[in-house]
Amino acid sequence: MRGYQTHYKPDVTQKVTIGAASAAITNGVGNYIQAVRIISTTDCFVKIGNSGDSPSATVNDMFVKAGVPEVFTIAPGAKVAFIQSSAGGAGYVTELTQ
């Protein structure tokens with residue numbers, strides 16, 4: 001049975017200003033990245049795109065609670081987009097390596 005990776009090393013972090021319009025990280029995650037840590041300073045909605053996509057978050061996407069870090073698998077080269085729930089803030093996407 002293959003083990004589940006629960007420990008990662010933080011790598012590059014990208015910051016996004018969260019507002020009333022969708023905003024995505026500038027660069028897709030690295031070619032070797034398979035997981036990211038997402039945290040925000042405000043309640044928001046998040047969309048994780050596929051490799052090479054430019055995702056656009058809407059209020060129908062995944063809800064992320066302010067101050068609660070979450071870890072997600074991601075395709076290499078993918079981007080993450082944010083949109084506010086009710087107030088602006090900042091979103092952080094940190095690439096995780098094994």
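**Exercise 1.** Determine how many bridges join S4 to S7 and in which sense the two strands run.

*Solution.* Start from the strands themselves, which are DSSP runs of E with at least two residues, numbered from the N terminus. Two strands count as paired if DSSP finds at least two bridges between them. S4 and S7 run antiparallel and are joined by five bridges, and within this pairing Ile48 stands opposite Val80 of S7. Strand S2 (residues 23-24) also pairs with S7, again in the antiparallel sense, over two bridges; here Ala24 has Ala81 as its bridge partner.

This is a predicted model, in which local features need pLDDT of at least 70 and side-chain atom pairs count only at pLDDT 80 or more, while totals for chains, interfaces and linings use all residues. Residues are numbered from 1 along each chain as its sequence is written, and side-chain values use heavy atoms, with hydrogens and water left out.

**Exercise 2.** Decide which residues of S7 are buried on each side of the strand.

*Solution.* Apply the cut-offs: buried means under 20% relative accessible area, exposed over 50%, and partly exposed in between (1.4 Å probe, protein chains only). In S7 (residues 80-84), five of five residues are buried. Val80, Phe82 and Gln84 lie on one side, Ala81 and Ile83 on the other.

**Exercise 3.** Locate the salt bridge and state how exposed its partners Lys65 and Asp43 are.

*Solution.* The criterion is a side-chain nitrogen of Lys or Arg within 4 Å of a carboxyl oxygen of Asp or Glu. The count is one salt bridge, between the side chains of Lys65 and Asp43 at 3.5 Å, N to O. The partners are 22 residues apart, Lys65 in the loop between S5 and S6 and Asp43 in the loop between S3 and S4. Lys65 is partly exposed at 44%, and Asp43 is partly exposed at 22%.

Conventions:
Helices (H or I, at least four residues) and strands (E, at least two) are DSSP runs, numbered from the N terminus.
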